[in-house]
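Hi,

Here is the structure I promised to send over. Have a look at it first, and then read on for what turned up.

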Amino acid sequence: MIIQGKTNKWEIVCGLEIHCQIISKSKIFSTASTKFGADANQNVSFVDAGMPGMLPTLNQYCVYQAVKTGLGLCAKINKYSEFSRKNYFYADMPTGYQITQFQYPIVGEGVVTIDLEDGTTKEIRIERMHIEQDAAKSIHDIDPHKSFIDLNRAGVGLMEIVTKPDFRSPEEAGAFLRKLRSILRYLETCDGNMDEGSLRCDINVSVRPYGTKELRTRCEMKNVNSVKFVMQAIENEAKRHVEVYESGGTVEQETRQFDAVSGQTKAMRKKEFAHDYRYFPEPDLPPLIISDEYIKQIADELPELPDAKKNRFVNELGLTKYDAAVICENKEVAYFFEKAATGHDAKKVANWLMGDFFAMLKRKNLTIEQSPITAENLGRLVDLIEQNIISGKIAKDVFEIMSETGENPEKIVEEKGLKQVTDSSTIEAIVDQVIAANMDKVEAYKNGKTGLFGWFVGQVLKESKGKANPQIVNKFIQEKLG
Ligand code: MN
């Protein structure tokens, strides 16, 4: 995306840092529960509360989840990594420091392929991923004079994914977040719910004259909590930089806050320099060393990820790239589709899924897991059309009944007598009847109003209550009208 300023063309340079809460029953350095939505301060151990003399114990499952995520990002897994203390004082951090990884993260460079609207793809490079503990939550809006602290989130395991500054447009950043969320959900390492704060995005933005390779001063926006807001923040912040430069000013390195109501960013505080945190190796935890066998074991357990699934749906099932991408973005949809398509016409199943089926879920406000129509029954409905047992039009009625009753389509067709009429003599009789009753239209047709052909087909189908096989109807009308 090129930003056209008053005098120059500019290019966006943007990188993201994403904090992802690790799916794990307990916290990363204690045995307290991570359950979301518990009453305040119910899930707190002495370790999380920063009591003197308490020692952290690394939760092995969080390590497993981090390695799995690293493999899902096609990244290098570091067999040696270290924990560090990042020191800062804040009320939501009872110990006065965060245990994180600094110099030696558990995951190194990787890559995520994003799909753009014009059908092209782009590779976004991952710089690193490290694991760390989350902070507690300060609550300022309950009492006008007091602030409250909820320690439930303190010590929940996080994966912090840092990208290279590879984004050149808000659209690319949006596509990346959707793809990342999709990968994490397939892996079951983070639920990706941005509105619950399990996936939080920090954005770094700068601009440069279009065509140059320079890197100018960047500004950071922290904890932006929806894909839409991330895209808005990038666009508006980049435009602000352009205005500053074109009016002869300089952009200061600072942390800015994104305001969801106005869509604008405003200055919050000057950026701390990294050494302000006085990082040093965490004395309470030994280096983390993992083996090749351990990594291989996790690699063997990886599920098929969205890109691989998408390519397989295109190459083996004949889906269009677009359909495959839509179906594979959401794991539950992809699994449902695969179940519905197995043994049936996959392309037709995809059409039904993306058309009537999605519309039905939306209308009834249901998730795919709550669908009254099972995957098997959707596949069977497609079979009934393919085998000419019902017409496409009748299939819509059967689909409606299925969405109300959850019954299987054969039973509905049987009980309601919806079987398609394919018997030639029956259909021919109806065609004759329609023609005899509309001789004026036959005349008009013969005098060149060929558009009436469709009208005749429609009349015959109507006469048969939609049950006459349309191909046979067409054939007879063709014959009789000459
Ligand atoms: Mn962090």
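This is a predicted model: local features need pLDDT of at least 70, side-chain atom pairs count only at pLDDT 80 or more; totals for chains, interfaces and linings use all residues.

E188 comes out as partly exposed, at 47% relative accessibility. Its side chain meets that of K331 in a salt bridge, 2.6 Å from N to O. K331 sits in helix α7 (residues 331–341) and E188 in the loop between α2 and β11 (199–209), so the pair ties together parts that are 143 residues apart in sequence. K331, for its part, counts as buried at 10% relative accessibility.

On to the other salt bridges. The count comes to 38. One of them joins D307 to K179, with the closest N and O atoms 2.6 Å apart. Because D307 lies in helix α5 (residues 306–317) and K179 in helix α2, this pair links parts that are 128 residues apart in sequence. D307 is partly exposed, with a relative accessible area of 24%, whereas K179 is buried at 9%. Both belong to a network of salt bridges that also takes in D115 and K310. There is also a salt bridge between the side chains of E407 and K411, at 3.5 Å from N to O. E407 is partly exposed at 25% relative accessibility, and K411 is partly exposed at 36%.

Now the metal. A manganese ion is coordinated by H19 (NE2), E132 (OE) and E160 (OE), at 2.1 to 2.2 Å. Along the chain, these donors follow the spacing H-x112-E-x27-E. H19 is in strand β2 (residues 9–21) and E132 in strand β7 (residues 121–133), so this pair ties together parts that are 113 residues apart in sequence. H19 counts as buried at 13% relative accessibility, and E132 is buried too, at 3%.

You'll find R168 in the loop between β10 (157–163) and α2 (170–187). R168 is buried yet has no salt bridge, and the nearest side chain of opposite charge, E11, is 4.0 Å away. A polar atom of the R168 side chain does lie 3.1 Å from the backbone oxygen of P165. Beyond its sequence neighbours up to four places away, R168 touches M1, E11, I12, V13, C14, K122 and R208.

Last, the overall layout. The domain assignment gives domain 1 (2–298), domain 2 (304–416) and domain 3 (424–481). The centres of domain 1 and domain 3, taken over C-alpha atoms, are 66 Å apart.

Cheers

Technical notes. Residues are numbered from 1 along each chain as its sequence is written. Side-chain values use heavy atoms; hydrogens and water are left out. Donors are N, O and S atoms within 2.8 Å of the metal (3.2 Å for Na, K and Ca); water is not among the atoms, so sites may look incomplete. Helices (H or I, at least four residues) and strands (E, at least two) are DSSP runs, numbered from the N terminus. Buried means under 20% relative accessible area, exposed over 50%, partly exposed in between (1.4 Å probe, protein chains only). Lys and Arg count as positive and Asp and Glu as negative; His and the chain ends are not counted. A polar contact is a pair of N or O atoms within 3.5 Å; within protein, one must be able to donate a hydrogen and the other to accept it, and residues adjacent in sequence count only if both atoms are side-chain atoms. Contact means heavy atoms within 4.5 Å. Domain bounds come from an automatic or database domain assignment.
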